[in-house]
Amino acid sequence: MAYTLDIFRFDQATDEVPHRDRVEITELPETVTVLDALEHAKAEIDGSITFRRSCRSAICGSCSMNINGTTGLACKTPVAAVLKSDRSIAIDPMPNFQPMKDVVVHMDPFWDKYTRLKPYLQPKDKDSDHATERRVSPEDMHKLVAVANCVMCATCYALCPVVSVDPAFAGPAAIAYAYRFIEDVRDSKRKERAAQISDDYLWLCAHCYACSYCPKHVDPHDDIIAVKRATIEEGLVDEPGPRHALVVAKTVKQTGMLHETEVIQGTVGRFNIKGLLKVAPFGLRLAMAGKIPPLFLKPVPKVDEIRTIFDTLEAPTLS
Amino acid sequence: MTMVMDKPAIKGKSKSAQMRKYGFFPGCVAKESCKELFNSTMLLADRLGIELVELTAASCCGASVLNDTNRDVARVLNARTYAQAEALGLDDVITICSTCTGHMRAANKELLEDERHMGQANAILGKFGAKYDGTVKVRHLLWLLADDIGLDELKKMVVRPLNGLKVAPFYGCHIIRPESVNGWESARNPHSLEDLIVALGGEAVDYAGKTRCCGFHVQLEKDGIAANMVGQNMRMAKDQGAEAVLTPCPLCHLALDGYQADAVSRWGRTDLPIFHLPQLVGLALGIDPSTLGMNKHIISPGLVLQEHDLAPAHVA
């Protein structure tokens with residue numbers, strides 16, 4: 001039974017605005033992948049249809065695109081799984097990227113953030129200093145297995161809502177690669193890497209888990225959290241992000257609750273008049289609506305138990 | 001990827017919850033800057049005939065932030081909360097905040113699936129005579145409404161139908177993602193809020209922003225970042241005809257209600273009132289809008305409610 005590819009068409013060399021073409025597929029069953037259908041459309045129907053692809057096996061990461069509004073790998077997406085009720089499939093370029101030609105996008109912002117990390121091992125001595133290969137324990141290697149599966153398809157970057165409003169944010173994949181080297185026992189540049197990724201707005205990660213839609217199940221979120229902890233361990237705490245984390249911990253330890261008033265002051269800086277003035281309009285709106293959080297918070301019952309948990313686990317807080 | 005399914009999201013499933021007793025974890029925001037959420041939840045519970053037993057000695061869930069400093073501490077803090085629920089004979093812990101839901105469920109999953117984590121937690125809890133046996137289920141009020149009350153039953157309780165009020169659901173993040181932790185409904189295509197809005201007599205507005213981030217967790221990291229995320233999402237909702245927004249999360253509420261004004265220059269005026277989940281349900285069940293705290297919103301819902309004959313003129 002026939003189905004239709006509803007394809008975004010745009011050529012930056014000739015077009016001012018994009019348009020869409022509908023290509024009917026009659027000779028391929030629904031059991032093929034979206035990439036198979038696109039290959040067929042290009043080979044048999046319209047040779048000008050442009051998309052990236054290489055391995056056809058979800059290893060190279062080239063064919064990431066938006067399929068019915070959901071970003072993923074075309075080579076890993078069966079046609080039958082995404083056919084809409086009208087038997088069409090919408091094919092679009094990944095969001096958060098500028099289209100170049102049809103589904104092909106400019107990947108430079110993504111690769112720039114990756115290369116800024118110096119994504120290669122930087123051991124403190126040379127390989128020639130070692131009589132045998134460098135040994136890594138299975139436990140240490142286990143930490144890196146998941147992120148090693150990243151194929152740099154940029155799906156997580158395309159889905160990231162922070163990137164969509166602020167392209168300065170490094171994005172999930174780059175931070176996951178920072179984790180990959182920060183956690184590698186052979187590497188010697190832990191602090192430099194933490195500082196670099198911190199400069200690339202590590203702390204803008206909003207904990208939204210949009211990157212959990214990773215087609216390779218790398219799921220960078222937990223790696224991002226680990227990199228945040230590494231920046232605190234390396235003493236890179238003079239930023240709103242780490243200050244926020246540390247003051248939240250402080251107020252929870254003191255009262256059992258996240259004390260909103262204290263957290264805002266601690267994050268911005270109690271004597272940072274310019275910073276406090278920037279958050280003032282939001283605070284004034286809350287106040288005018290009668291929503292003033294308490295200036296002082298009474299600790300919850302048995303707060304000593306909570307302090308015992310923090311002390312036992314040696315959890316850092318804002319000093 | 002492991003799916004954790006408490007119960008499937010079945011539209012219209014009916015199961016009496018009369019006199020059922022639940023552990024209640026209000027979270028920090030509902031006790032601080034969004035007290036109207038706490039109050040409207042208690043009013044709704046009374047109207048539904050269920051008892052919410054507040055876990056008054058519970059701590060913050062970690063709010064996604066404690067993991068940034070020490071991953072173990074949030075897990076053990078939540079184990080302490082679950083131990084309190086167990087000591088009261090309560091298996092269900094009901095939350096009214098998506099962030100609490102996601103992070104408490106994540107902590108519980110780690111405790112239940114890894115005996116080292118459970119052992120660590122109980123070793124620390126033992127210092128003050130507490131113990132967690134692993135019987136607690138963390139659920140959001142939304143799931144209680146859909147599963148334990150049932151939308152068919154809820155529909156029968158509606159005395160003030162929403163009269164076609166066009167409501168855009170805003171799921172946000174932590175009630176749906178990651179699916180390996182939540183999984184109560186599809187994270188990509190959730191529909192529980194839409195089903196609820198329709199059951200209450202409203203019209204559900206579909207838009208791409210409904211499962212995106214509100215920006216609350218990064219509001220203080222960089223100027224304008226949360227406002228931009230709010231503006232982007234509210235623009236999408238407004239363009240699809242929304243008159244108001246419904247959210248199950250007080251953090252989303254604070255961001256969406258508080259930052260729309262800051263997003264005007266880039267995204268245009270949207271001025272969408274943002275309802276807490278128990279406020280909109282309570283309204284349809286006949287509770288007075290002011291009692292529900294609808295006068296405590298930055299963007300007043302008064303005009304929209306009056307246009308649909310849902311509120312008297314004094315709610316402005």
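Is A:Lys42 buried, exposed or partly exposed, and what is its relative accessible area? In this predicted model, A:Lys42 is partly exposed, with a relative accessible area of 32%. The residue sits in helix α1 of chain A, which covers residues 34-45. Leaving out residues up to four places away in sequence, A:Lys42 touches A:Gly47, A:Ser48, A:Ile49 and A:Phe51. A:Val23 is 19 residues from A:Lys42 along the chain, and the C-alpha atoms of the two are separated by 9.8 Å.

Further along chain A, helix α10 spans residues 240-255. From its first C-alpha to its last, this helix of 16 residues reaches 22 Å, close to the 22 Å expected at 1.5 Å a residue. Of the 16 residues of α10(A), 13 are buried, so the helix is largely enclosed by the rest of the structure. Just after α10(A) comes A:Gly256, which takes a positive phi of about 90 degrees.

We turn next to the interface. Chain B brings 65 residues to the contact and chain A brings 67 residues. About 5,700 Å² is buried between chain B and chain A, and carbon and sulfur atoms give 64% of this area. Across the interface there are 7 salt bridges, as well as 22 residue pairs in polar contact. On the side of chain B that touches chain A, at least two residues come from each of α1 (35-48), α2 (71-87), α4 (115-125), α8 (225-239) and α9 (250-259) of chain B. Helix α2(B) supplies the largest share of that side, 6 residues. By residue class, the side of chain B that touches chain A divides into 27 nonpolar, 19 polar and 19 charged residues.

Individual residues bring this interface into view. B:Arg80 forms a salt bridge with A:Glu305, in which the closest N and O atoms are 2.9 Å apart. A:His207 lies in the loop between α8 (190-199) and α9 (221-233) of chain A, and is buried, with a relative accessible area of 2%. The side chain of A:His207 makes a polar contact of 3.4 Å with the side chain of B:Asp68. Not counting residues up to four places away in sequence, A:His207 touches A:His221, A:Ile225 and A:Lys228 in chain A, along with B:Ser64, B:Asp68 and B:His174 in chain B.

Over all chains, the structure holds 47 salt bridges. One of them joins A:Asp184 to A:Arg186, with the closest N and O atoms 2.8 Å apart. Here A:Asp184 is buried at a relative accessible area of 4%, whereas A:Arg186 counts as partly exposed at 23%. In chain B, B:Arg75 forms a salt bridge with B:Asp72, the closest N and O atoms being 3.0 Å apart. Both residues lie in helix α2 of chain B, 3 residues apart, or about one turn of the helix. B:Arg75 is buried at 3% relative accessibility, while B:Asp72 counts as partly exposed at 24%. Beyond its neighbours within four places in sequence, B:Arg75 is in contact with B:Ala107, B:Glu110, B:Leu111, B:His117 and B:Gln120.

A further salt bridge links B:Asp206 and B:Lys210, with the closest N and O atoms 3.0 Å apart. B:Asp206 counts as exposed at 54% relative accessibility, but B:Lys210 is buried, with a relative accessible area of 11%. Elsewhere, salt bridges that share partners join A:Asp222, B:Arg71, B:Asp72, B:Arg75 and B:Glu110 into one network.

Definitions and conventions: Residues are numbered from 1 along each chain as its sequence is written. Chains are lettered from A and ligands numbered from 1 in the order in which they are written. This is a predicted model: local features need pLDDT of at least 70, side-chain atom pairs count only at pLDDT 80 or more; totals for chains, interfaces and linings use all residues. Side-chain values use heavy atoms; hydrogens and water are left out. Contact means heavy atoms within 4.5 Å. Buried area is the accessible area (1.4 Å probe) that two parts lose on being put together, summed over both. A salt bridge is a side-chain nitrogen of Lys or Arg within 4 Å of a carboxyl oxygen of Asp or Glu. A polar contact is a pair of N or O atoms within 3.5 Å; within protein, one must be able to donate a hydrogen and the other to accept it, and residues adjacent in sequence count only if both atoms are side-chain atoms. Helices (H or I, at least four residues) and strands (E, at least two) are DSSP runs, numbered from the N terminus. Ala, Val, Leu, Ile, Met, Phe, Trp, Tyr, Cys and Pro count as nonpolar, Asp, Glu, Lys and Arg as charged, and the others, Gly among them, as polar. Buried means under 20% relative accessible area, exposed over 50%, partly exposed in between (1.4 Å probe, protein chains only). The expected span of a helix is 1.5 Å times one less than its number of residues.
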